[in-house]
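The stops below go from the overall fold to single residues.

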Amino acid sequence: MISRRSFLIAGLAASGGLFLGISYQQLDDGDAAEKFASSGKQAIPFNAWLKISTDGTITVGIHRAEMGQGVVTSLASMLAEELDADWQSVDFEFTPVDRDYFNFGMMKGGQPFGDPSSNIGTGAGTWLVREVFHTMGLSITIGSSSIIDAWDTLRPAGARARDMLLSAAAKRWGVAKDQLKTEAGFVINPATNLKLSYGELAEAAATEKPPSKPTLKSPADFRLIGKNPSRLDDIVKVTGQASYGLDVELPDMLYATVVHSPIAGSLVDTFSSPPIKELSGVKAIFPVGKPAAETAVAVAAENSWLALQAAKTVEVTAKPPIDGIRDSLTIDYRKQLNDPEPVIFREDGDSSAVLSAALTNQHTSLSADYQVPYLAHVCMEPMNATAMLDNNQLTIWAPTQAHSMVRDIGAEISGLDPANVTVHCTFLGGGFGRRSELDFVEQAVSTAMRFSGRPVKVFWSREQDIQHDAYRPLAYSSIAGAVDSNGAITAIDYKLVTQSVVASLYKRTPNPRGGDARKDSSAVSAINPGIYNIPNLTVSFVPIDSHIPAGPWRSVSHSWNGFFIESFIDELAVASNLSPLLFRLNHLEQQPRHQAALKAVAEQVKGVANIGYAISESHRSVVAHAVEVEIINNQSLRVKRVVCAVDCGPVIHPNNVIAQVESSIIDGLSSALFEQITFKQGIAEQSNFNNYRRLRFNETPIIETILLDSPMERPGGMGEPAVPGVAPALTNAIYQATGIRIRALPVLNNPDFQPYQASYSTAESIS
């Protein structure tokens, strides 16, 4: 018997890729639809993302993590747009885990070979890669990819359901389907003015055959996309009804907190504590994590307070890291710049020869080294998860960005078939990449196996959260460049030394990209590919291995490469006696979207002094920053204003985009000004907000966001792209104000900034 999948692949060969380039959008094998239909609200299912009740309520399945970015509203509005639903009737549920919810937006903007309708090759290639992703079923919320992915899934899902509703109404009225229209939750017959609600038609419509090629709206017809429909999750959040991971409460629940092995990334060697009988309410103290690779000791008790108090009595010793402990990381990184065999990720022209010639030709040339520190995620909600093992069924409640991986790691540790593992997704109190890790889930499952039949909530203290993070890695770069007499960049040699986030993550979590650090080209994102016209460009990378876990941190490698390259571009402009703004524009002649963004912020700050600029592109979105600073009484720094222009293609929900820009700027300023994690004997020296300084409300500058709508482009993500430009725009502004070039972050710990007493002034606008 031929399978459905084999049939489709055979069809590809027989009929060519153009058809499949369009029909790839329907990569739903029905399993997810069945699970979605049987979970949550009982209503009539249409597909993996939509149920309609007879009272007309539209329930949209949200298959990505909601961690404050507003994805619940943005995803629902994309489906509701094509469905022509009444927004007041739209509700949402988080979906179960299934491979149909794979995330294809991570794959080069959702189009690995370009527009799949452009020719047979790109259509076939894209379709086949989607098939691979579908088979893997990686359901994850990462890389600002939710909107990019949903553009090709939720819009067709809504359009198909709308077509099915039209078919049902046409049969009921005995008219042709194309004689009817839809509007705000009704099918309407313009000839008779009769109308039927979606609720009235749902049962019949669900039996109609969905079209293989749904008709999508033109942007000119959008009613929800580009507008600001009310957020679907605001009421439950402001009234406290939203359930985060820490809110999970179950009958007969136990509570467990953890004490990690003290050296970052190390395993437990030994532990000691008073006898259990001396600790009131404590049920057990034991190592947790993957079998034979326990990273922490859990203290399980009848309530959370008892667990926390008992945890203070536990002492854990670490197994020494295999490669030893290195605290002089910066020195090590500098030495690695001399590695004779770096990985060369890009080599255009001959940068070495041009840089050498620049000296004899008396062209402008310079070199500079830059550095960024380790950073913690400090999510508002510390890591936690709840698990229960009962009768060979494992149930997990997790605030996670990695839904399918939670199921898989639960199955691996418990020894159960993945089909016997159920994952309930909650709201996330912040993610920023941290919750794509699985350590807290491993601990919850490991703990639950000790107490079969009882649910156990495992939660971390703030101290454990900061000291045992998967950090944004320290990164070091040495850059050399030259500019000719016409002010054109002739060459750049870009060298980077850092940990590979992908390779580090692979040590802890199965990852389809593999764990070879030397193949991690994502380490040099922002410079390869870059945005500037540079005829001779070399990009090299020396990966560092370390026991310190490195993980995805908001904007990942764009956060360090963005600081390095935009600082250096500024230095080249100044050394050439050219305006940093004009210098950038001159090297972006082939980038009209980048030029437009830069010009937009420049116009907004026209005539203002002490402005620093930066421009970046990531996750298909272009972002320009202009930061204004003030030096007060030659003693302290104040960031007065940040202007940000964004081109993320079609803007799905403007208020959500603005909120993401504002949070990115606050995040970017906070990390650039204050934040760093340092290690002594391999142990993180920072442990809470008293020594891990964050930007405060009253220090937040004026933030102005300019949205440059590009409706004919494909959408870009906006969870991260406004982060990378903040630090370089800030330090470039400091240079304009003081003449001091900040090449190592954080600013207020930089010895070059001592003349200003390393202080920061409260923002005037708030105070």
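How many helices and strands does the protein chain have? There are 21 helices and 28 strands in the protein chain. Keep in mind while selecting that this is a predicted model.

**Whole chain**

Next, colour by relative accessibility. Buried residues make up 60% of the 767 residues. Switch to a surface: the accessible area comes to about 29600 Å², and carbon and sulfur atoms hold 51% of that area.

If you draw contacts with a separation of 6 or more, 76% of them join residues 24 or more positions apart.

Then select the charged side chains. The protein chain has 63 positive and 80 negative ones, and the centres of the two sets lie 1 Å apart.

**Strand β6 and Asn 189**

Select residues 186-189, which form strand β6, and pick out Asn 189 there. Is Asn 189 buried or exposed? Its relative accessibility is 6%, and because the cut-off for buried is under 20%, Asn 189 counts as buried. Show its surroundings: leaving out residues up to four places away in sequence, Asn 189 touches Trp 173, Val 175, Gln 179, Leu 180 and Leu 194.

**Helix α8**

Move on to residues 198-205, helix α8, and show side chains. Which residues of helix α8 are buried? They are Tyr 198, Gly 199, Leu 201, Ala 202 and Ala 205. Look down the axis of α8: these residues cover an arc of only 155°, so they sit on the same side of the helix.

Follow the chain into the loop between α8 and α9 (234-238) and select Pro 219. With 32% relative accessibility, Pro 219 counts as partly exposed, since that class lies between the 20% and 50% cut-offs.

Which residues does Pro 219 touch, not counting those up to four places away in sequence? The contacts are with Pro 711 and Met 712.

Technical notes:
Residues numbered from 1 in each chain as written. Predicted model: local features only at pLDDT ≥ 70, side-chain atom pairs only at ≥ 80, totals over all residues. Heavy atoms only, no water. Helix = DSSP H or I, 4+ residues; strand = E, 2+ residues; numbered from the N terminus. Buried < 20%, exposed > 50% of the residue type's maximum accessible area, 1.4 Å probe, protein only. Contact = heavy atoms within 4.5 Å. Areas by Shrake-Rupley, 256 points an atom, 1.4 Å probe, with all protein chains shown as cover. Lys, Arg positive; Asp, Glu negative; His and termini not counted. Charge placed at Lys NZ, Arg CZ, Asp CG, Glu CD. Arc of directions from axis to C-beta.
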